[in-house]
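I opened this entry to keep track of what I looked up, element by element. The notes follow the order in which I went through the chains.

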Amino acid sequence: MTPVTSPALRPPTLSRPRLSITLGASLVGIFVVCALFAPLLTDWFAHDPYDQVAPRTVTPPTPPSRDNLLGTDGLGRDMLSRLIHGARISLEVGIVAEIIALVLGTALGSVAGYSGGRMDAFLMRCTDLVLAFPGPLLALAIIAAVPEPESAPILRHLPHPSVGVVFLVLGCLGWAPVARLVRGEFLRLRELEFAQAAQALGASAPRLVLLHLLPGALRPLIVVATLGVGGNILLEAWLSFLGVGARPPLPSWGVMITEGQGYFLAKPWVCLAPGLAIVLVVLGFNLLGDGLADRLHPKRGGTVL
Amino acid sequence: MKRLAVLALLATVILAGLACGRSQTPAARAEQVFRFRLHEDPPTLDPALANDQFSEAIVLNVHRGLVELDPGTLEVRPAVAESWTISPDGRTYTFRLREGAVFHNGRTVTAADVVYSFERILRKETNSPRRFLLEPIEGAKEFTEGTSASIAGISAPDERTVVLRLPKPFAPFLSQLTMANAAIVPRETYQDPAKGYLRAPVGCGPFRFSRWEQGNFIELLAFDRYYGGRPAIDRVVVRMIESATSALQEYLAGGLDSLDETPDPGDTAMMAKVGGEIQKYPFIGTGYIGFNMAVAPFKGNAALRQAFNYAVDKEYLWNVLMPGGNQPASGIIPPGILGHDSALPGYPHDEAKARSLLAKAGFPAGKGLPPIALWVNTGEDNRKIAEQIQSDLKKVGINITVREVDWAAYIAGVSGTRDKPGQAQMFRFGWYLDYPDADAILRPLLHSSNWGPAGNFGRYKNSEVDTLIDRALDTPDAQARADLYRKVERIAVMDDPPWIFLAYYQSRTLYKPYVKGVVLSPLGEFRLPLDRLRIERGAT
């Protein structure tokens with residue numbers, strides 16, 4: 001007999017999850033504060049992210065100075081303000097897209113897991129299809145279908161229509177893993193005594209799903225959602241870097257890296273700053289997710305809150 | 001066989017001795033070599049087919065036509081024709097060929113060669129992309145279509161006289177004859193069904209073709225019997241180097257004597273090394289942001305287009321944001337071209353004027369404007385230009401979005417089809433003049449006959465402008481023509497602007513300090529004849 005070495009089943013140490021949750025939560029916290037109070041913060045110690053604040057006589061990007069703590073970008077706009085406002089876009093995309101994915105995935109996963117049979121088989125093949133689909137291709141297909149988000153039916157009402165396309169791409173890609181997870185949990189929970197008992201007592205299908213099965217699947221869902229937000233932020237940056245996501249002049253970090261790559265050797269702050277921001281926020285979400293995964297693992301008897 | 005070789009050697013030695021004896025300094029002169037760079041192999045060395053700068057870079061040195069352009073003043077000057085007369089009605093051109101013009105194969109250039117060369121360009125089988133240059137000649141179209149065996153408007157009354165007749169006066173005709181395509185070629189070489197001339201061209205220019213190692217280099221040698229006198233440069237090596245970085249390294253290492261790409265001004269280390277060798281000079285091209293005038297909001301709203309023009313700060317764009325490249329433009333016709341108007345006010349940056357014009361256009365502070373997308377083709381610089389314009393427009397209340405698209409989709413989206421306007425409401429574009437004449441920019445871009453994909457992408461239609469452009473063609477007098485073009489600009493720039501006038505292009509070329517006789521030509525570094533160059537390497 002070989003010992004079980006899967007990380008999920010390894011007995012967790014006490015300090016690791018706590019440390020990664022603390023670290024992750026503080027990193028995420030910093031960015032959340034930036035995102036929530038972006039206009040206040042930039043009014044207080046920086047500039048408007050769209051204003052060309054570099055002196056009109058000097059070729060931007062200008063290096064970090066007292067007035068522009070992280071320097072200015074290729075058009076002379078304050079890097080720090082753009083980073084702070086960029087956090088807004090990144091988190092907005094990360095969280096909203098994850099909510100779309102969670103709602104869609106949970107709904108489809110619940111139906112599949114609860115009903116089983118043909119419905120289950122059909123929904124799971126759809127899930128396989130999405131999981132097998134190369135993400136970039138899907139992204140390009142959607143972008144090709146919505147070439148002008150500014151005049152697209154629903155998207156044009158969003159504050160930033162071009163970001164709406166990113167929601168679509170991420171939402172379309174993100175629901176599949178959630179659906180699969182929920183369905184797996186349901187298959188397991190459905191056979192457990194409490195579910196059997198509820199069913200025997202005559203609980204209706206919605207009641208059984210919403211009040212009994214779903215709470216049982218909550219712990220893994222939280223972990224998946226946290227990791228998902230980090231993944232979404234990375235994908236948003238990637239799409240924007242390729243020029244198919246957020247459009248200039250939006251201070252999306254991906255856009256900022258694209259604009260800064262030309263100065264990589266001579267004026268590295270222009271693309272290093274947004275690059276670091278992406279690294280830190282994604283690291284934060286991953287640490288948080290990993291920590292939660294360990295802490296909420298059933299073997300440790302952890303609780304959600 | 002061996003004896004023959006010895007004899008040949010002996011002959012060479014004697015000849016060399018004679019040559020030395022003839023030269024003024026007794027010491028053997030060091031061979032003068034000039035090496036410049038092309039990005040890649042020229043698509044063709046056949047003058048009739050040359051349709052790009054790289055091909056022209058070779059053709060213009062191997063070949064000569066009846067007339068040529070002075071690279072500095074852009075005036076037409078004699079080449080194979082030593083003189084010419086134009087009849088008072090502007091329809092008959094009589095060229096007198098010079099006596100000493102000789103092809104590289106040793107044969108004298110005659111009037112029959114001119115007739116042959118022109119027929120060759122117009123012949124359908126030749127498939128010349130520049131046939132239009134000779135189409136103003138009477139009977140040219142009939143000859144191309146095969147309904148006539150000869151061109152009615154070309155005749156050679158004697159060995160040294162060529163007469164060209166046009167059905168109606170066409171002012172840029174002489175300019176068009178200076179193009180590389182109108183070169184005179186020897187029939188015996190160019191009749192070759194195996195098309196050997198494609199790999200070994202023969203002309204009557206200052207340099208004769210020596211060899212071509214595909215993807216590597218082309219070598220030209222000075223032609224001793226060139227009618228203009230043997231060039232000072234003995235050997236020209238044209239090196240094909242695709243990457244700008246490698247080319248710059250090669251230039252630094254001394255493997256190139258000139259280079260058409262200069263380092264980024266922000267690269268201070270590189271600029272310290274070669275900055276002093278950069279030559280900046282106007283190039284006959286204009287950059288602009290076109291409006292789509294077939295659809296709202298730009299259709300029929302000149303005030304709105306004027307407002308956009310005043311809102312954009314071209315001085316900042318070219319002098320501070322992206323320095324070293326272009327010159328802020330005030331109009332359409334670039335400097336150096338007959339008709340360029342240095343007194344044209346254009347649209348200096350003025351936000352107050354922009355705001356009041358915006359209100360006059362019916363969109364006070366930008367209210368009521370539909371979503372507007374500015375299209376640019378993919379590229380760092382293009383994106384930067386677009387974002388700067390976006391930022392400038394925002395200051396007066398105009399919100400536009402920027403769309404970056406790859407070239408094929410871009411052209412389709414910008415030009416549309418003949419009947420359907422393109423999707424782009426605004427687009428970035430640039431135009432290099434095919435030949436140095438205002439007609440070569442005004443007609444393709446603004447005349448309503450070129451509406452749509454033919455060049456007038458923005459679908460500009462101003463009957464006054466059309467009439468003036470047409471009238472200028474029938475005006476042989478240079479001053480009168482220039483006045484007509486100035487009138488065109490007063491209307492098409494000041495009253496009814498089709499574009500945001502952005503830039504007059506500039507060339508930036510590196511020349512080693514020992515290269516002398518360089519003409520900083522508005523035609524660009526590639527269309528520069530090399531027969532006036534010389535190498536002076538100081539005391540060594």
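Is α6(A) mostly covered or mostly uncovered, and how many of its 30 residues are buried? I found that α6(A) is mostly covered, with 22 of its 30 residues buried. I note here that I am reading a predicted model.

**Entry: helix α6 of chain A**

I looked up the extent of α6(A) next. The helix takes in residues 161-190 of chain A, and from its first C-alpha to its last it reaches 42 Å. That is close to the 44 Å expected at 1.5 Å a residue. I then checked the helix for bends. There is a kink of about 25 degrees at Trp175(A), shortly before the proline Pro177(A).

Is Val169(A) buried or exposed? Val169(A) counts as buried because 26 other C-beta atoms lie within 10 Å, and the cut-off for buried is 20 or more. Leaving aside neighbours within four places in sequence, I listed the contacts of Val169(A) as Leu138(A), Ala139(A), Ile142(A) and Leu239(A). For Ala139(A) I also took the distance: its C-alpha is 5.6 Å from that of Val169(A), although the two are 30 residues apart in sequence.

**Entry: chain A as a whole**

I stepped back to the whole chain. Chain A has ten helices and zero strands. I took the overall span from the C-alpha trace, which is about 80 × 50 × 40 Å along its principal axes. Of the 305 residues of chain A, 46% count as buried. Among contacts in chain A with a separation of 6 or more, 69% are between residues 24 or more positions apart.

**Entry: where the chains touch**

**Entry: an antiparallel sheet in chain B**

Chain B has strands, and I went through two of its sheets. One is an open sheet of four strands in the order β4-β5-β7-β6, with antiparallel pairing. Its edge strands are β4 (81-86) and β6 (154-158), each of which pairs on one side only. The twist from one strand to the next averages 20 degrees.

I followed one pair in detail. β4(B) and β5(B), which is residues 92-97, are joined antiparallel over five bridges. Within this pair, Ala81(B) has Leu97(B) as its bridge partner. Helix α3 (residues 111-122) of chain B packs on the sheet and touches β5, β6 and β7 (161-165). The direction of this helix makes about 170 degrees with that of β6(B).

**Entry: a mixed sheet in chain B**

The other open sheet has four strands in the order β1-β10-β9-β8, and its pairing is mixed. β1 (33-38) and β8 (207-213) are the edge strands. On average, neighbouring strands here are turned by 20 degrees against each other, direction ignored.

β8(B) and β9(B), residues 217-222, run antiparallel and are joined by six bridges. Arg211(B) stands opposite Glu219(B) in β9(B). Helix α2 (residues 53-62) of chain B packs on this sheet, touching β1, β8, β9 and β10 (235-240). Its direction makes about 140 degrees with that of β8(B).

**Entry: backbone exceptions**

Most residues other than glycine have a negative phi, and most peptide bonds are trans. I searched for departures from both.

Which residues does a cis peptide bond join in chain A? They are Pro248(A) and Pro249(A), with omega about 10 degrees. Pro249(A) sits in the loop between α8 (205-241) and α9 (253-260). In chain B, a cis bond joins Ala296(B) and Pro297(B), with omega about 0 degrees. Pro297(B) is in the loop between β12 (278-291) and α9 (302-311) of chain B.

For positive phi I noted Ala365(B), near 50 degrees, and Arg459(B), near 55 degrees. Ala365(B) lies in the loop between α11 (351-360) and β14 (372-377). Ala365(B) is exposed, with 12 other C-beta atoms within 10 Å. Arg459(B) is in the loop between α14 (439-446) and α15 (463-473). Arg459(B) is buried, with 22 other C-beta atoms within 10 Å.

How values were computed. Residues are numbered from 1 along each chain as its sequence is written. Chains are lettered from A and ligands numbered from 1 in the order in which they are written. This is a predicted model: local features need pLDDT of at least 70, side-chain atom pairs count only at pLDDT 80 or more; totals for chains, interfaces and linings use all residues. Two residues are in contact if their C-beta atoms, placed from the backbone, lie within 7 Å. Two strands pair if DSSP finds at least two bridges between them. Axes are lines fitted to C-alpha atoms, for helices over the stretch in contact, and angles run from 0 to 180 degrees between N-to-C directions. The expected span of a helix is 1.5 Å times one less than its number of residues. The bend at a residue is the angle between axes fitted to the seven residues ending there and the seven starting there.
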